[in-house]
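Here is a quick briefing on one protein chain. Keep the structure open as you read, and find each residue as it comes up.

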Amino acid sequence: MTTAHQRNATLILEVDGAGAHPAAWRLDKQTPESVLDAQRIAKTVLAAESAGFHAVSIEDSRQAPGNGPGARLDAIQRAAFLSPLTHSIGLIPVADSIYTEPFHLSTQLSALDAVSAGRAGWIVSAGGTAAEGAAVGREAVASGELPGEVADVLEASRRLWDSWEDGAVIKDVATGRYLDRSKVHYADFVGKRFSVRGSSISPRPIQGQIPVFAAQPLDADSDATLFGAPGLEGSLAAAQGNGFPGIRIAELDFVLDHAGEPAADRVEALDGREPWQSPRARFTGTATDFTDYLLELLGHADGVRLHPAELHKDAPEFAALVLPALRLAGALKPTRTGNTLRETLGLPAARNRFAAS
């Protein structure tokens, strides 16, 4: 069991769209034409990096968003755009594991790791719904088959990432050899619904293995488990539970007092435009009370993924008032330029399954 005073907590900020509340885009005056333009997300993520967040996550869906003025680039593309603009913050896109070819998905994530200098992560999405499948001309996957499909996709991806050993690229001009072929291996994998032959088309990711985050119901063999509960007390109870694979990250919506307007009034105004229904626990109140709650939560969890109701209001309030208090209390891991996401999370170096012992 961990405690907040061990300085091991990780803060992840969700930065998709205008915020977690479905009506947030209606009240966002910063970007009247689009809540997803490049300048907007770059400004948000650079501010999060300066404030000391460890990572940002970027939601995604196979379908165009039901709310807001338009469609968007997928999460991996947005993370790749942010990579050369940032220096220390982790970039964790949400990427579908059911209707994406595992070979293509693993290659995209490997490329993201390369362009970000080892700061890529992956939140596994596994809806498998008929609507998502129809968007790409595929049939729905039965809910009972989703965990097995996710397990197959993770295994195939990890095999592909390991198919090139470190040092496989030698660029030996004297002999004309680009590769040491003894260090490139077949990742051959056969799953229930797909198979992968051969090796990856790109070298091993900088991190060796990209950190994988998965929601608790998937019961996946992930590096980090995202867990939640409908209420704040439920989240505390869940954080004290056992049996989660890897690092334990709590999912949490939040609304803070802003510019003299109480958080409860802000939620009421937003709900008047469109009701907010979320499976996550929600904090509504002052920055001081939120700090106290997080200190208690992070005494049992390894981190929290924060979903601000209105990104342009709640994220700056958190960065200005809550995050410094958490750091002063010794609750957070340090942030360092040059660290990979694995290092930031405290994960061990990734062993290559094909390398000689």
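**Salt bridges**

The count of salt bridges comes to 19. Keep in mind that this is a predicted model.

**Aspartate 16 and arginine 78**

- Aspartate 16 and arginine 78 form a salt bridge, with their closest N and O atoms 2.7 Å apart.
- This pair links distant parts of the chain, 62 residues apart. Aspartate 16 sits in the loop between strand E1 (10-14) and helix H1 (24-27), while arginine 78 sits in helix H3.
- Is aspartate 16 buried or exposed? Aspartate 16 has a relative accessible area of 14%, so it is buried, because the cut-off for buried is under 20%.
- Arginine 78 has 5% relative accessibility, so it counts as buried.

**Glutamate 155 and arginine 353**

- A salt bridge joins the side chains of glutamate 155 and arginine 353, at 2.8 Å from N to O.
- Glutamate 155 is partly exposed, because its relative accessible area is 26%.
- Which residues are linked in a network of salt bridges? They are Glu155, Arg159, Asp162, Asp166, Arg204 and Arg353.

**Glutamate 251 and arginine 305**

- Glutamate 251 pairs with arginine 305 in a salt bridge, and the closest N and O atoms are 3.1 Å apart.
- The two residues are 54 residues apart and link distant parts of the chain. Glutamate 251 is in strand E11 (residues 247-256), and arginine 305 is in strand E13 (residues 303-308).
- Glutamate 251 has 12% relative accessibility, so it counts as buried.
- Arginine 305 is buried, with a relative accessible area of 2%.

**Two helices packing**

- Helix H7 (residues 232-239) packs against helix H9 (residues 287-297). Their axes are 10 Å apart, at an angle of about 25°.
- That angle makes H7 roughly parallel to H9, because angles under 35 degrees count as roughly parallel.
- Which residues meet where H7 and H9 touch? From H7 come Leu232, Ser235, Leu236 and Ala239. From H9 come Tyr293, Glu296 and Leu297.

**A nonpolar surface patch**

- Leu46, Phe81 and Leu85 make a nonpolar surface patch of about 230 Å².
- Phenylalanine 81 is placed in helix H3 (residues 75-82).
- Phenylalanine 81 has 37% relative accessibility, so it counts as partly exposed. Patch residues need over 30% relative accessible area.

**A buried glycine**

- Where does glycine 121 lie? Glycine 121 is in the loop between helix H4 (102-115) and strand E4 (122-125).
- Glycine 121 counts as buried, because its relative accessibility is 0%.
- Leaving out residues up to four places away in sequence, glycine 121 touches Leu91, Ile92, Pro93, Leu109, Ile210, Pro211 and Leu341.
- Glycine 121 and serine 83 are 38 residues apart along the chain, and their C-alpha atoms are separated by 12 Å.

Methods. Residues are numbered from 1 along each chain as its sequence is written. This is a predicted model: local features need pLDDT of at least 70, side-chain atom pairs count only at pLDDT 80 or more; totals for chains, interfaces and linings use all residues. Side-chain values use heavy atoms; hydrogens and water are left out. Patches are made of residues with over 30% relative accessible area and no salt bridge: like charges are joined within 9 Å, nonpolar side chains (Val, Leu, Ile, Met, Phe, Trp, Tyr) within 5 Å. Accessible areas come from the Shrake-Rupley method with a 1.4 Å probe; for residues, only the protein chains shown count as cover. A salt bridge is a side-chain nitrogen of Lys or Arg within 4 Å of a carboxyl oxygen of Asp or Glu. Helices (H or I, at least four residues) and strands (E, at least two) are DSSP runs, numbered from the N terminus. Buried means under 20% relative accessible area, exposed over 50%, partly exposed in between (1.4 Å probe, protein chains only). Axes are lines fitted to C-alpha atoms, for helices over the stretch in contact, and angles run from 0 to 180 degrees between N-to-C directions. Angles under 35 degrees count as roughly parallel, over 145 as roughly antiparallel, 65 to 115 as roughly perpendicular and the rest as oblique. Contact means heavy atoms within 4.5 Å.
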